[in-house]
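Let's take a look at a protein chain together. Have the sequence and the 3D view ready, and we'll start with a pocket and then zoom out.

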Amino acid sequence: MRLGIVGNGGIVHAALNTLQNSEIEVAALWCRSAGKGKVITEKYAIKKLYTDYDAFLQDDRFDTVYIGLINSLHYAYAKKAILAGKNVIVEKPFTITSNEARELTLLASEKSVYLFEAIMSRYSQNYEAIRSVLQSIGDIKLIQCNYSQYSSRYDAYKAGTVLPAFDPRYAGGALYDINVYNVHFVEGLFGKPVEVKYFANKGFNGIDTSGIAILQYDSFQAVCCGAKDSASKSGITIQGTDGCIVMDSRPGVIKNITLYKNDGMEERIDTCIEENPMLQEFNKINTMITENDYEQMQTWALDSVRVVEILEKARRDANIIFSE
């Protein structure tokens, strides 16, 4: 896999720092600003800089595009890359609407290219370890997920300056930016819920600065709490009739997981040391493309579509209006 990187924000810098420790080549960067792009290409020794996206997509020195743009641009930039015959890795959230998500997956299939969402839990061996012990805690009854992190942009928001992270025009807000990790965690293990409700704390422009999504399944409830206006210790608990699974970590980083049984047995189940989840994500995607594991990619793409369906239902339930 040879990468072309799209964007210049914090997530792009995180990805490029991570890729310096891998064998994956970064061949080019697209950035709207030539000045900002030059800073990045010089820092990370990227040979080619583009400010024209169409020209970028015609570069045959890379086969896969990594999209690290604001939420509202994911669909349009991913679609163009797919139509150009490139594999695509798009940051979370996959898209803003379920129609967009379904269209991208269909296009990827038609063009026989790979399409991935960059959600780190999906590529974790420890996440699969959780799946393997679910039956041991009996019938699932309650799931509690919390990821709350005070945003570095919230002070500006309180002062009246709306940056993309809190701007409904760019699909910001707590649900799509941070609670998406909780929703992915639950959907990846249990599939699509029967019903979705979202109770949001809204700011002056109608965006959700924090909120609680309730995912109703046939025989249990999942509560997903996400905040950008306040902070607390993150973690996840899955409760069953015979025990529970507790993860002492934010949902994107799958570690510190303990299985507790009602008979007093305790067992740590995060047996794999995953020091850099983002690197593991890129390496797993690279392996899947190299080994032509298209079936697994399609399974995960369906999960991404379902997650967007959940987010969309939750957002509409709370009457949070994006520019769509």
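Helix H1 gives the most to the lining of the largest pocket: four residues come from it. Keep in mind that this is a predicted model.

How many residues line the pocket in total? The count is 42. If you want to find the centre, look for Gly 10, Ile 11, Lys 92, Arg 153 and Asp 177, which lie nearest to it. The pocket's volume is about 1,200 Å³.

## What the lining is made of

Sort the lining residues by class and you get 19 nonpolar, 14 polar and nine charged ones.

## Zooming out

Now for the whole chain. It has 10 helices and 14 strands, and its C-alpha atoms fill a box of roughly 60 × 50 × 35 Å along the principal axes.

What radius of gyration does the chain have? It comes to 20 Å, and that agrees with the value near 20 Å for a compact globule of 324 residues.

Of the 324 residues, 55% count as buried. The accessible surface of the chain is about 14,200 Å², with 47% of it belonging to carbon and sulfur atoms.

Contacts are worth a glance too: among those between residues at least 6 apart in sequence, 66% join residues at least 24 apart.

Terms used: Residues numbered from 1 in each chain as written. Predicted model: local features only at pLDDT ≥ 70, side-chain atom pairs only at ≥ 80, totals over all residues. Heavy atoms only, no water. 1 Å grid on protein atoms, 1.4 Å probe; cavity = no way out; pocket = protein on both sides within 12 Å on 5 of 7 lines; lining within 4 Å. Points joined across faces, edges and corners; volume = space filled by probe spheres on them. Helix = DSSP H or I, 4+ residues; strand = E, 2+ residues; numbered from the N terminus. Nonpolar A, V, L, I, M, F, W, Y, C, P; charged D, E, K, R; others polar. Rg over C-alpha atoms; globule rule 2.2 N^0.38 Å. Buried < 20%, exposed > 50% of the residue type's maximum accessible area, 1.4 Å probe, protein only. Contact = heavy atoms within 4.5 Å. Areas by Shrake-Rupley, 256 points an atom, 1.4 Å probe, with all protein chains shown as cover.
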